[in-house]
Amino acid sequence: MKKIMLQTILLCCIYMASCSDIEENKPVLPPNQGNENKNTYGYLTTSSTVKDVVEHEAFPGFGQLILPAERRYDDDMPLANVASLLPYHNYVTGERAVETINTMIDYVNEGNRLFYDIYSEADKQADSRKNNTGLFFFRGKPGRPFAIVCSGGGFSYVGAIHEGFPLAIALSEMGYNAFSIQYRTGGAQVACEDLAQTIDFIMRNAEELQVSTEDYSLWGGSAGARMAAYVGSYSTQGFIHATHERPAAVIMGYTGHSEYTQNDPPTYVIIGEDDAIASPATMRRRVENLRALGIDAEFHLLPDLRHGFGLGIGTTAESWEKDAVRFWEKYISRKN
């Protein structure tokens with residue numbers, strides 16, 4: 001009798017425990033089941049080195065493109081000194097660079113593909129400079145339009161760690177699919193060829209990437225703004241053998257680019273009053289010329305602001321990208 005009572009009590013306890021788990025939604029899973037890609041790779045700090053970034057296992061085969069690949073640097077340089085790699089930019093800090101890199105590590109940990117080649121192996125063999133090209137993708141909502149961010153650097157380096165990645169991340173957090181391009185340096189011609197190739201790559205792979213092929217936008221700062229403007233003026237067919245529609249909008253930051261055409265897309269321009277590299281007067285005059293052609297264009301001149309401000313965190317430009325998105329959204333069709 002005692003044995004039967006003990007068995008009954010034991011069965012009741014097991015039943016009550018299982019009910020408690022159901023009521024509290026506590027699934028009993030083996031370790032890491034259903035969460036295999038989370039927290040796989042470790043974070044970096046400002047004490048981490050350039051080599052730690054280049055060789056980080058979250059960035060296989062493209063870690064050398066996270067920081068300006070064109071700049072000569074000491075592999076053992078701590079990320080606290082990252083500003084020394086971006087001489088044409090301002091407001092660069094090791095803390096923000098590390099925050100951006102760790103966000104990218106999180107993105108990979110969540111199972112996302114971060115990097116895409118835009119050229120084939122044959123293309124790279126024919127031109128070895130194309131080995132240092134590619135596309136970083138930060139997903140927004142499936143089926144939404146995409147933006148391509150072109151970082152500046154005087155066509156001598158690509159400052160994506162300060163301009164490209166942070167802006168693309170911000171746009172993806174607003175629901176848009178955002179790309180940051182790593183292009184060939186050396187001049188506007190090859191850089192624009194790479195941007196045109198990027199547009200063609202996205203258009204050809206839109207279904208896999210889950211992006212809309214309509215109403216895309218081009219963003220750029222300094223040299224990157226020249227790229228966005230040139231491709232906005234002449235589209236892909238001006239640089240490669242592929243024809244695609246011009247962007248719905250071009251967003252330009254701090255550049256002295258003055259050329260334009262009567263077919264230019266709507267254009268948003270932003271620059272600081274204290275810019276010692278690009279001319280605010282040149283940018284204002286270009287906007288006025290576009291308006292004279294009946295093209296929608298906005299000019300924003302901000303006080304106490306130097307060249308190469310990126311997202312402008314902690315400056316008078318902070319959150320400027322939200323206003324620029326508002327401008328772009330005027331030209332996004334209702335179905336998008």
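Helices (H or I, at least four residues) and strands (E, at least two) are DSSP runs, numbered from the N terminus. With that in hand, welcome to this predicted model, in which local features need pLDDT of at least 70, side-chain atom pairs count only at pLDDT 80 or more, and totals for chains, interfaces and linings use all residues. Residues are numbered from 1 along each chain as its sequence is written, and side-chain values use heavy atoms, leaving out hydrogens and water.

Let us begin with two serines. Most residues other than glycine have a negative phi. Ser319, however, has a positive phi of about 75° although it is not a glycine; it sits in the loop between β8 (297-302) and α10 (320-329). Ser222 also has a positive phi, of about 55°, and belongs to the loop between β5 (217-221) and α8 (223-234). For the table, buried means under 20% relative accessible area, exposed over 50%, and partly exposed in between (1.4 Å probe, protein chains only).

| Residue | Phi | Relative accessible area |
|---|---|---|
| Ser222 | about 55° | 15%, buried |
| Ser319 | about 75° | 33%, partly exposed |

Now for a pair of helices. The axes of α3 (residues 94-109) and α5 (residues 160-173) come within 10 Å and cross at roughly 50°. Here axes are lines fitted to C-alpha atoms, for helices over the stretch in contact, and angles run from 0 to 180 degrees between N-to-C directions. In α3, Ala97, Thr100, Ile101, Thr103 and Met104 meet Ile161, Phe165, Pro166 and Ile169 of α5, where contact means heavy atoms within 4.5 Å.
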